[in-house]
Amino acid sequence: PMLTRHTFSNFYRSVFTQLAASMKELAYSWKTRAVAAEGDLFGVLAQHAATFRALVHLTRTWDQKPIILAVMRLGNSFIESFIRLLPSLGKSFSKNQEEVV
């Protein structure tokens with residue numbers, strides 16, 4: 001199965017929805033996780049941020065209204081969840097200074 005101009009918007013929306021839901025679940029469940037897993041937060045957020053960047057970058061290639069609407073609607077949810085994790089991210093930055101720099 002190949003992605004066409006007509007099917008790409010549905011695929012894009014479903015991938016972006018899954019990313020935003022995963023980020024929201026991470027933001028709400030991270031407070032209940034053990035402190036030992038705190039070092040993993042940087043890696044998980046780096047993967048989520050790279051995926052978010054790639055999806056937003058695809059809007060330049062596939063310039064369609066449904067794709068731009070998905071970025072505007074779901075991007076807000078992603079950013080809000082990311083902001084909720086900033087206090088925990090500060091601790092993770094101190095543990096992963098080599099990767100941050």
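At 1.5 Å a residue, the 22 residues of helix 1 should span 32 Å, and the end C-alpha atoms are 31 Å apart, so the two values agree. The expected span is 1.5 Å times one less than the number of residues. This is a predicted model: local features need pLDDT of at least 70, side-chain atom pairs count only at pLDDT 80 or more, and totals for chains, interfaces and linings use all residues. Residues are numbered from 1 along each chain as its sequence is written, and side-chain values use heavy atoms, with hydrogens and water left out.

**Exercise 1.** State the fold pattern of the chain and its share of buried residues.

*Solution.* 
- Step 1. Count the elements: the chain has 5 helices and 0 strands. Helices (H or I, at least four residues) and strands (E, at least two) are DSSP runs, numbered from the N terminus.
- Step 2. Read along the sequence: the pattern is α-α-α-α-α.
- Step 3. Check burial: 33% of the 101 residues are buried. Buried means under 20% relative accessible area, exposed over 50%, partly exposed in between (1.4 Å probe, protein chains only).
- Step 4. Check contact range. Take the contacts with a separation of 6 or more; residues 24 or more positions apart account for 82% of them. Contact means heavy atoms within 4.5 Å.

**Exercise 2.** Classify Ser-9 as buried or exposed, and find its contacts.

*Solution.* 
- Step 1. Locate Ser-9: it lies in helix 1, residues 8-29.
- Step 2. Apply the cut-off: Ser-9 has 10% relative accessibility, so it counts as buried.
- Step 3. Set aside neighbours within four places in sequence; Ser-9 then touches Gln-64, Pro-66 and Ile-67.
- Step 4. Look at one partner. Pro-66 sits in helix 3 and is partly exposed, at 36% relative accessible area.
- Step 5. Compare chain and space for Pro-66 and Asn-10: they are 56 residues apart along the chain, with C-alpha atoms separated by 8.5 Å.

**Exercise 3.** Describe how helix 1 packs on helix 3.

*Solution.* 
- Step 1. Read both: the axes of helix 1 and helix 3 come within 8 Å and cross at roughly 10°. Helix 1 is therefore roughly parallel to helix 3. Axes are lines fitted to C-alpha atoms, for helices over the stretch in contact, and angles run from 0 to 180 degrees between N-to-C directions. Angles under 35 degrees count as roughly parallel, over 145 as roughly antiparallel, 65 to 115 as roughly perpendicular and the rest as oblique.
- Step 2. Sort the contact residues: 15 are nonpolar, 5 polar and 3 charged. Ala, Val, Leu, Ile, Met, Phe, Trp, Tyr, Cys and Pro count as nonpolar, Asp, Glu, Lys and Arg as charged, and the others, Gly among them, as polar.
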